[in-house]
Structure formats: structure tokens, C-alpha cells
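Please take a first look at the model below. The report then goes through it by topic.

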Protein chains: 2
Amino acid sequence: MPDRLPDRLPDRLPDRLPDRPPGRAARPLRKSELHASVSDPVLDTMTFLNEITSRYPEAISFAPGRPYDGFFDSEQIFGHLRRYLDHLAEQGSSPRQVRTAMYQYGPTAGQIREIIADSLRADENIDVPAESIVVTVGAQEAMLLVLRALISGPDDVLLVSSPCYVGITGAARLLDVAVTPVDERDDGFSCADLEAAIRSERARGRRPRAFYVVPDHSNPSGATLGPRARSELLELAGRHGILVLEDSPYRLVSPGRRHPALKSMDQGHTVVHIGSFSKTVFPGARVGFVVADQPVVDDSGRTGLLADELAKIKSMVTVNTSSLSQAAVAGALLAADGRVSELNTAAAAYYGDAMAATLRELDRHLPAKRRAALEVHWNEPTGGFFLTLRVPFRTDNAALIRSAQDFGVIWTPMSYFHPGGGGPHGIRLSTSYLTPAQITEGTARLARFIEAQSGH
Amino acid sequence: MPDRLPDRLPDRLPDRLPDRPPGRAARPLRKSELHASVSDPVLDTMTFLNEITSRYPEAISFAPGRPYDGFFDSEQIFGHLRRYLDHLAEQGSSPRQVRTAMYQYGPTAGQIREIIADSLRADENIDVPAESIVVTVGAQEAMLLVLRALISGPDDVLLVSSPCYVGITGAARLLDVAVTPVDERDDGFSCADLEAAIRSERARGRRPRAFYVVPDHSNPSGATLGPRARSELLELAGRHGILVLEDSPYRLVSPGRRHPALKSMDQGHTVVHIGSFSKTVFPGARVGFVVADQPVVDDSGRTGLLADELAKIKSMVTVNTSSLSQAAVAGALLAADGRVSELNTAAAAYYGDAMAATLRELDRHLPAKRRAALEVHWNEPTGGFFLTLRVPFRTDNAALIRSAQDFGVIWTPMSYFHPGGGGPHGIRLSTSYLTPAQITEGTARLARFIEAQSGH
């Protein structure tokens, strides 16, 4: 799950109109005439965050939800590719077949589906046929494909657990898909709230098609669904005939025991599982996947899989995922006996330590009594990249500028993640990208900012 | 520009409903409830073509528009990647910066824009700032981005030169974009017809936004716009305030002199140029790009580039293009002094020979007098991958089955490429993927099929 924070500002020409030959008076395009998605306020907020980051380069930034790249070495890529090519040869491919696999247009649904299916069985107890998998250009393309397949008209609605990852709301915006947020409570997601939202949408004549959720260490809130909520969610979705879109990029880079993935509990083909190798292998590869083993029946009674329909849509988006990227990801997996979890033992420990350090330092600077007095709260995720704070002041862009300028610390306003509005006092901290020293110094700065801002 | 013909049939589960736990009666998804794009007849025709190809493996197929892979060696990939990494180091990147460039999420608009801008200047006399380029996951994603940006409501229309590449109509279908075909005449595209279509759409209350055309060696017809038609098209588009979407994947893999690219003649920011490295480097990389230097003015009067808006949309589709793939493409270009044309000298000669051989063999089997008697015609492209035949019988799926089964030769019905219907007597031949021996034998078979089918 990417975070839309490039290292630097988008390259942009100086504001000028281009030269035109004399006598030609063609008018420039007006932004208001372009599709509404390019004016999505989420994009402006991300641009704003980029500007802040670039204007205050000395500030410590808890904003970007990027993986830590200290484990990576560019030379690894060569090893990964070589291993996958060797694997193809060992599996009986001739040099010519290997050449075609790397060179040509590939199967739209992907060429490493067996390897992914094996890893899902080994890591996640998710047992699905390779044919139910479509390899995608990151989880982002998977979201777009699933939304496009499921939403066929203006009355179809996507429900999302809110606060919500911007990738899914962005994809919805692109396709003019209506999104209805189901707000998380303080103690997390509530099935009763989801059911109420389903009923309310139906009463308005709309058709809820799916519910999007990050069950483990959610981006942005850091919340995790408990085992009971998982069972209830599946039961509820099955009963109402909606699909659950499970997006879980942080599971295998988090330490300790995991709750079962929704897809591993799914007896009724209720869950579409969206996967990403951006955190577990590397983001630059841009490889994700979707598991869509739902049967689809056409008018003549023939049954296929939802994955087949997603592949058709993919043929109109990217044709197929880069063979090079697929090879690099497969090579990395093969190096760890096909287990993503194995590959990420050190990374999971690193991220777990970063999260624990952040929580420990926050507690040191704002111990329980002090934060009770200030009315400051935060959650305590056991994994993932994110935690959230609630503070007694507005965490708007003005507050963010003060924080960066006067205190040297950057964070993300939670309001960015509320598609229906909300989160006015929330702060998202990302702990994945910083060094231990930056975490120590950054939390100290953040505590000073919060103290000052709270007026005490 | 890809051709949707995988080497093999899509993997597909046997037609069965999955096991369900007792008492669970969740119904399968109905295809008719999914988005209409998955029921696009073009997809069915492509599936049909795949089935034919797989059912008659001994048939010689003039169907797939794939590049010839005989020039390729998997080991080249390692060299390309190494060269790009060295280039980054030579440009002053530290090992850590190189690592970040390969590992992390990259700039949405791409990291090899300067290299592409340089090649466009050197190869095509297209002089645009790197900031006007967005690197995409193949030309297909570029088409999707441009359509999404330009089409903002139900009255917006895309005009296409017809017969037409299925990638653009597929992308339009995905976004529910109305497409109006402007039929090519026997002697090619006519500006008068385009102008009539623009006026007619406007009279219906619709807003033509852009005209899509493959000016050089078009897929599927093989037609090329002459120099005068190019000037007229630009003048017309400028006068009517519509953009021209120029898609030209075959220019630099064709022999001999080229007419100027529309974008190189563009004085008024009228042309959006869509590029592909699938034919010139390799399809598996999935790297294309779009040049969109059109100014866009927002409500507050600030001017940016259309490329900036396309990048925003891309952030909701694929986030960024694989760094690995970009590195491989850039490495290949750098090996040829940054010139795509240089890189493809041998390939262009090969494709030119294949086209010439096909035309020569057709003429040998169906000489002028004979084909006049049969009422068979074909065009004589000087480059590209495709030519078209017109025959006196219906070139429908039944004819294709007879051709494959009884004559051992496969081709593509031109009706597949007519978004508004048409092409009932047309055949597309692709000459790019076959060996000289296959071309010789395939044209002989085709001539026998045409003779038999014409009832003489």
C-alpha cells in the first residue's frame, strides 16, 4: 500500500503559457473541463504535504508510509532475476521459452501465479487455485480492477471502513464510484455500523456491492480487527450478499502472531483478497495481486471466476504486469523457500521495534497523567506502519505548518483519510521509514509541539 | 501497441460451482451485474481468436501483432539494468540514491523522462520538456489516462479513425466513454469526414474532445497519413479545439524515410503523443509514455501542464511505473546513444523485409489479373506490422474456422476493429512475428483459401 509522498516535489514547469505561432489563438484547457478526479481534494492535500516536506527539509517526517530501504541493495535485483530464470529452466522451460517469458507480452493474469498461490498457502493458510489470482501493477491496480468489475451503474455503492486508505477512494473517484464511509469507533470497526449502512443505502435505492477494509494494522489508523469481528464480518457480508475487499499489506511485515486473514476464514467466496509485494519485496517492482475465486455465471449458465473478469479489465488498463518485475518478485520469494514471511523475518522485527520505540518515547514525553490532563490519546498497534493520536486542537494544515516550522516535525492530518469528512483532531504517525535516532528526536519534537499547541 | 493474443488460452477452471459449506446458499455473481466492459464483444472476439489458435496449432498465424523475439536474449536485461545503474552513478547519484531509485516508490510521472525527452529530440524532432512526459505501464495505460482526463461527462465524445486499435476502444469502454468512428476511405483518412463528424456530434449536443489516430502504418489497416493530410489534420483540430491523440508504435521499427510525426509539426499544443517501447525495446517491460505539453489553467488562473493532471490520474491507477522496467528501457536506449532509431536499425530492416516478402508472395500467388477477376485487393504498406485485404466473401468467424481447419492459415477478421460495425470483407495480416519460411508457406495457404472461398 503506497503512500503518495514522493521524495521531492513533482517537477513542474514555471507558470507560463507556452509560445504560440502568431495568429493562433487556441485557448488552453481549463481544469474545470477535465474529469473531476484531477480536482480531488485528496490530491491537493498530498501536494500540500509534499510542499511542506520540501520546504522544511530539516524536519523529521512521520508522514511517508514507505518501507525502510536499509535492507535493500541494488545488486539483489540481479540475484532475484537470475534465480527466477534458473527456476524456469529447472521447471523444464527451454532457453527459447525463457526468452519469450521475459521478452514478450505475457498472460494478462500474470506468470507467477503458482508461486503466489504457494506462498499464500504456506504463509497465510489461504488455499486458492492459481487461476483465481491476477497479478497486478501493485495493489493499486488491483483496487481499480475490482471496483470496475463490481460497480456497473450509478446506484452501486462501495462501503469503506473509515478513516480509509486514499488509494481506494482515489480509484473510486476515477471511476465515478459512490463511496459510503462506515466510521470506525474508538474501539475499532463495528459490524452493527456496517449493517446499518447497508440497510440505509438500500433504503435509498442503492446497491452496496462491497466493503473495503484493512483488517490488520490499518492505514491510516493502525487498528486491527479482532477474531470475533472477523467472523461477524464474514457472516454479515455473506448474509447481505456483499463482498469484503481485504487489503492487508502489513501482515507479513509485522512481528508476532497474526489473526487469521479474512480470506483464510472464507467459506463462502465472500472475500476478495488484495495483496501487495511493496512492503514485503520492494515498492519499485510495482507488483501486487488479487485473489478473486468468486464464481461468475453468465446468461448461458457458464461459470467462470471473478478473476477472469478482472483479467479482461486489466487488458484495458495495463495489458499485463511487467515480466521483469514479476521475475524479481518471484526470485525473491524463491530465495526464501517461497515464503513471504520467511523473507521478512528481519524486516518484521525492525518495524516492530520502530513501532515499540515510538510508543515508548511518546509515553516517556507524555506519560499517562500528563496526557490525561492534556486530553491526548493514542492507540498502541502491535505491528504495521501507523499509529494515530487524538489531540485537543485542530490538526489542520495551519497546525501542520506550525509543527514543521517551529518544532521541526511533520505528520499527516487524519482528516485527509476521511472520505465523508471527519478526523479534525487526529494525527497519523508513520514509523516505518525513520531510523531509531530520528524516532527518538522526532517524538520529542512532537511532544513539544503538542504541549505548546494544547496551550499548557 | 499490444495485440491481445497470448501464447495460450487463458487458464480457466473447469466449469463448476465451488464447494460451499452446508446450509450456505450464497448465490454466485451474475456477469450481467458486473460492469459492461467485461461483456465487450471485442473481448469475446479475442477469446475466439485464442481458441482458434490453440485448436489448430499447426496453422500458420498472421494474427498476433507481436514483435519478433529473435533479436532478444534474456541476458541483455542484465546488461541494460547495469548500464542504467552505471549511468545514475555517472550522473552523480550516490549508491544510496541509486538504491532508493530502484527500491522505493518513484515519482509518479516517471524517472527516465529526461532520457525519453532526449530520444524524442534525436529520433523524432519532437522537442518537449521532460516535464511534459509521463512514463506509463505501456501505451495502454497512457490511453486510459488521457481518456480519463479529457472525458468528464456523458456528453464528451472520443472520435477515432476507424478501423481502430482495440486498446483505445477498450479503454473507452472501461470508462463508459462514447466513441464515434470516422471511417477511413479506400485512400485513407479524410479530414472532411472528421470535420463532418465533429459538426454532427456538436449538432447532437455532444462535445468532441479528441481524435485518436495511428498516423504511421496503422493497426489494423496498415494505412499511413500523407504529409498533406497531417497538416490539414492539425489545422482542423486546432480550429475546432479538439486534441489529436497520436499513437505511433511502428514508426521506429519501419524501414526507410518517415513522414514527420504529428507532434513534431505541432505548433499549437494540439497533439498528445502516445509512445510505446514494446516494439522498440521489449513488450515484457511494459513501458510506454505520453507527451502532454498542453497548458491547463485552473480557476485561480494558475497554469500547469496536462501531463501534471495525467500523473494525478496515474497515481490512482498504478502509482508509478516499475523502476526495474524503466531502468531496463533506459539502459537499452543509453546503449544506442539514446536513440531508439539506432537501437532498431536491424529490427526495422527485418520487419521491412517481412512486409515486402508477404506482399511479393501474395502477388506471386494472386497476380494482378487474377485478383482483379476475384475482386481481391490489398494495400501495400511500406512499414509497420500490418496489411489488409479485401475479399469478395464474408470474413466472419465461420470463414476463419474454415481457413484454419481446411487451409492451415489464421488471420484476423477486420470486423473486430470497427467500433461502429463494418469491415465484413476485410482481413488483417500481421507480418511481424513469422519467419520468412512461414510467410512463404502462409501466403500460399492464404491464397488457396481465398481462391476456394471465392468460389472460382
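## Backbone with a positive phi

V319(B) sits in the loop that links α10 (306–315) to α11 in chain B. This is a predicted model. The phi of V319(B) is positive, about 70°, although the residue is not a glycine. Most residues other than glycine have a negative phi. Is V319(B) buried or exposed? V319(B) is buried, with a relative accessible area of 5%.

N125(A) is not a glycine either, and its phi is positive, near 55°. Its place is the loop between α4 (113–124) and β3 (133–136) of chain A. N125(A) is exposed: its relative accessible area is 60%. That value is over the 50% cut-off for exposed residues.

## Cis peptide bonds

Most peptide bonds are trans. The bond from S162(A) to P163(A) is cis, with omega near 10°. P163(A) belongs to the loop between β4 (156–162) and α6 (166–174) of chain A.

In chain B, N219(B) and P220(B) are joined by a cis peptide bond. Its omega is about 15°. P220(B) lies in the loop that runs between β6 (207–213) and α8 (227–240) of chain B.

## Around H418(A)

Which residues does H418(A) contact, leaving aside its neighbours within four places in sequence? They are S162(A), P163(A), D183(A) and G423(A). S162(A) and P163(A) are the two residues of the cis bond in chain A.

H418(A) itself is in a loop, between β15 (412–413) and β16 (426–430) of chain A. H418(A) is buried, at a relative accessible area of 15%. The cut-off for buried is under 20%.

## A helix pair in each chain

Two packed helices are described by the angle between their axes and the distance between the axes. In chain A, take helix α2 (residues 74–90) and helix α11 (residues 323–335). Their axes come within 7 Å and cross at roughly 85°. So α2(A) is roughly perpendicular to α11(A). By class, this contact has nine nonpolar, three polar and one charged residues. From α2(A) come H80(A), L81(A), R83(A), Y84(A) and H87(A). On the α11(A) side, the residues include L324(A), A327(A), G331(A) and A335(A).

Now chain B. Helix α2 (residues 75–90) and helix α11 (residues 323–335) of chain B have axes that come within 7 Å. The crossing angle is roughly 85°. α2(B) and α11(B) are therefore roughly perpendicular to each other. Their contact divides into nine nonpolar, three polar and one charged residues. H80(B), L81(B), R83(B), Y84(B) and H87(B) take part from α2(B). Among their partners in α11(B) are A328(B), A330(B), A332(B) and L334(B).

## Nonpolar cores

How many residues does the largest nonpolar core have? The number is 168. Those with the most contacts inside it are Y212(A), L306(A), Y212(B) and L306(B).

## How the chains are related

Through which surface do the copies meet? Of the interface residues of chain A, 100% are also interface residues in chain B, so the copies meet through the same surface.

Notes:
Residues are numbered from 1 along each chain as its sequence is written. Chains are lettered from A and ligands numbered from 1 in the order in which they are written. This is a predicted model: local features need pLDDT of at least 70, side-chain atom pairs count only at pLDDT 80 or more; totals for chains, interfaces and linings use all residues. Side-chain values use heavy atoms; hydrogens and water are left out. Contact means heavy atoms within 4.5 Å. Axes are lines fitted to C-alpha atoms, for helices over the stretch in contact, and angles run from 0 to 180 degrees between N-to-C directions. Helices (H or I, at least four residues) and strands (E, at least two) are DSSP runs, numbered from the N terminus. Angles under 35 degrees count as roughly parallel, over 145 as roughly antiparallel, 65 to 115 as roughly perpendicular and the rest as oblique. Ala, Val, Leu, Ile, Met, Phe, Trp, Tyr, Cys and Pro count as nonpolar, Asp, Glu, Lys and Arg as charged, and the others, Gly among them, as polar. A nonpolar core is a set of buried Ala, Val, Leu, Ile, Met, Phe, Trp, Tyr and Cys residues joined through side-chain atoms within 4.5 Å. Buried means under 20% relative accessible area, exposed over 50%, partly exposed in between (1.4 Å probe, protein chains only).
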